[in-house]
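Please read it alongside the sequence and the model.

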Amino acid sequence: MSISESCKMHAVLLAIAAGAFVISIPRANAAMLVTYDFTGPSASPTSVGPGLTSATSFTGQFGAETGGFGVVTDGGQDAAWNDGTAAAHTEADAKTLDGGYYWQFTVTPAIPLNLTALDFDFGGERGGGGNTGFTAFYDAQYSLDGFATAGISVGTGSRVNGSNGNGYALQAIDLTGVAGLQSVSTAVTFRFYTWHGPDNDATLADATSQETRFDNVLLSDDVVPEPASLALLVIGGLMVMSHRRKS
């Protein structure tokens, strides 16, 4: 290989490496898009990343809930809490009865985003006495039209809760494979339908005070490469091609 050919090869490799480097640079603080830790207690976002135009409060809808719900301090911890009613014993009830039983929030991107993860703590306790607990369930869904049409599930889970409470369990939902949440530039609403099964003691099958809680909600993202970044790679390639023609 001549010196001239060697120089051309180095130029090509340099252009490719430089373009790849530019494209792979993540935005500062790209991991955090919005968080809710309910300190105060407050339903407002605790922190909002620069990739968003806005993020709503964490709001609840619990139909004919009789035990109460809200963002409160419960058991010494600020959380989104609801005191379950016997009405929402099934998934179908949670999604259709009395307008539904759920928590939700909406984020509006300022730039196209690749949403990567939805993490939160899920827990509760049976506050009605007795020596047994119950199982709480959730179905996390998203919608790009404010749930005017049916939402799309991104993850489900459950938590067995004791009669005196036994903390929270981290729920980590991977969003990288959800096509509708990649390069998204429209408002996205996340909704957590929640319901509970009977107590784990048949003698207390329909006991109320089956409390479920959400805490430390975190939505993560990765920014979509800007057109300018891609343009740099194209320009680099064109410069190399031009140099080869002149040679």
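In the largest nonpolar core, which has 41 residues, Phe105, Leu118, Leu175 and Phe190 touch the most other members. A nonpolar core here is a set of buried Ala, Val, Leu, Ile, Met, Phe, Trp, Tyr and Cys residues joined through side-chain atoms within 4.5 Å. The model is predicted: local features need pLDDT of at least 70, side-chain atom pairs count only at pLDDT 80 or more, and totals for chains, interfaces and linings use all residues. Residues are numbered from 1 along each chain as its sequence is written, and side-chain values use heavy atoms, with hydrogens and water left out.

- At least two core residues come from each of S1, strand S3 (52-55), strand S7 (101-109), strand S8 (113-126), S9, strand S12 (188-199) and strand S13 (210-223).
- Strands (E, at least two residues) and helices (H or I, at least four) are DSSP runs, numbered from the N terminus.
- Beyond its neighbours within four places in sequence, leucine 175 is in contact (heavy atoms within 4.5 Å) with Leu115, Thr116, Ala117, Leu118, Val154, Leu181, Gln182, Phe190 and Leu219.

**Salt bridges**

- Two salt bridges are counted, each defined as a side-chain nitrogen of Lys or Arg within 4 Å of a carboxyl oxygen of Asp or Glu.
- One of them joins the side chains of lysine 95 and glutamate 91, with an N to O distance of 2.5 Å.
- Lysine 95 and glutamate 91 lie four residues apart in helix H2 (residues 91-96), so about one helical turn separates them.
- The side chains of aspartate 139 and lysine 95 also form a salt bridge, at 2.5 Å from N to O.
- That pair links distant parts of the chain, with aspartate 139 in strand S9 (residues 134-143) and lysine 95 in helix H2, 44 residues apart.
- Aspartate 139 is buried at 3% relative accessible area, whereas lysine 95 at 26% and glutamate 91 at 36% are partly exposed.
- Buried means under 20% relative accessible area, exposed over 50%, and partly exposed in between (1.4 Å probe, protein chains only).

**Threonine 46**

- Threonine 46 sits in the loop between strand S1 (34-36) and strand S2 (47-48), and is partly exposed at 43% relative accessibility.
- Leaving aside neighbours within four places in sequence, threonine 46 is in contact with Thr35, Tyr36, Asp37 and Phe38.
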